[in-house]
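Try each task yourself before you read the solution.

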Amino acid sequence: ILLASCEENDIETLEITINAGNDIESINDFWTTLNADSLLKGANGEWSIEKGLIDEKVYFEDNKKPKTKFYGLPGEKYLLLWKVLFNDKYYCDSIHVSFNPINAEIIKSGNDFYSTRIQLITNSSFKGTWTITGDLQNYMSLQLGGVIVPKENYPSIKIYGKENGTIHAKWTVTYG
């Protein structure tokens with residue numbers, strides 16, 4: 001029979017290394033999926049925002065999960081902290097996340113043999129509203145079937161102006 005004992009000093013404390021994932025740069029959408037390492041049994045983690053503009057549209061889908069969606073603002077850069085509690089000790093790692101700004105561009109499209117007509121197209125990825133002022137006869141959206149969208153919110157329009165007149169067209173993008 002072999003009897004052994006160990007003192008409290010002989011117990012090894014387990015140290016862990018955590019990884020919040022790789023930096024995520026130049027995102028064209030309004031969200032990205034974070035990819036921290038999975039949690040060890042008995043560990044708890046939490047994402048937080050250390051730097052970056054915060055408002056009601058900036059959030060984590062579930063800030064307790066290592067792999068979760070993060071929603072940010074266009075044109076913003078964030079420093080995100082992944083903080084893990086394991087065996088009464090905190091371990092941290094961080095990543096940088098940056099979102100590209102919205103590129104709201106109006107493009108003249110199509111050729112029309114009438115000088116009083118013009119067709120304009122915007123990036124349909126973003127919701128927006130047209131504001132058209134000046135020597136205007138009428139304008140219409142260029143949608144083909146499907147869901148009916150009010151003409152001032154459809155990204156492609158045809159404008160009918162008055163001869164020798166001036167028209168101003170503005171596309172205002174709404175985020176979120």
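The exercises below go from aromatic rings to charges over rings, and then to a loop. Keep in mind that this is a predicted model.

**Exercise 1.** Work out how the rings of Y59 and Y71 are arranged: stacked, tilted or edge-to-face.

*Solution.* A pair of aromatic rings is described by the distance of the centres and the angle of the planes. The structure holds 8 aromatic pairs. For Y59 and Y71, the ring centres are 4.5 Å apart and the planes meet at 15°. Planes under 30 degrees apart count as stacked, so Y59 and Y71 are a stacked pair.

Y59 belongs to strand 4 (residues 59-60) and Y71 to strand 5 (residues 69-71), so the pair ties together parts 12 residues apart in sequence.

Last step: check accessibility. Buried means under 20% relative accessible area. Y71 has 17%, so it counts as buried. Y59 has 39%, so it counts as partly exposed.

**Exercise 2.** Find which residues form one aromatic cluster, then look for lysines over rings: which ring does K69 lie over, and which ring has the charged end of K83 over it?

*Solution.* The cluster is made up of W47, F60, F70, Y78, W82 and F99. Turning to the lysines, K69 lies over the face of W31, 4.1 Å from the ring centre. The charged end of K83 sits over the ring of Y90, at 4.5 Å from its centre.

**Exercise 3.** Say what stands out about the phi angles of N87 and D88, and where these residues are found.

*Solution.* N87 is not a glycine, yet its phi is positive, about 50°. D88, also a residue other than glycine, has a positive phi near 60°.

Then find them on the chain. N87 is in the loop between strand 6 (77-86) and strand 7 (89-99), and D88 is in the loop between strand 6 and strand 7 too. To finish, D88 has a relative accessible area of 78%, so it is exposed.

Notes:
Residues numbered from 1 in each chain as written. Predicted model: local features only at pLDDT ≥ 70, side-chain atom pairs only at ≥ 80, totals over all residues. Heavy atoms only, no water. Phe/Tyr/Trp six-rings, centres within 6.5 Å; stacked < 30°, edge-to-face > 60°. Helix = DSSP H or I, 4+ residues; strand = E, 2+ residues; numbered from the N terminus. Buried < 20%, exposed > 50% of the residue type's maximum accessible area, 1.4 Å probe, protein only. Lys NZ or Arg CZ within 6 Å of the ring centre and 35° of its normal.
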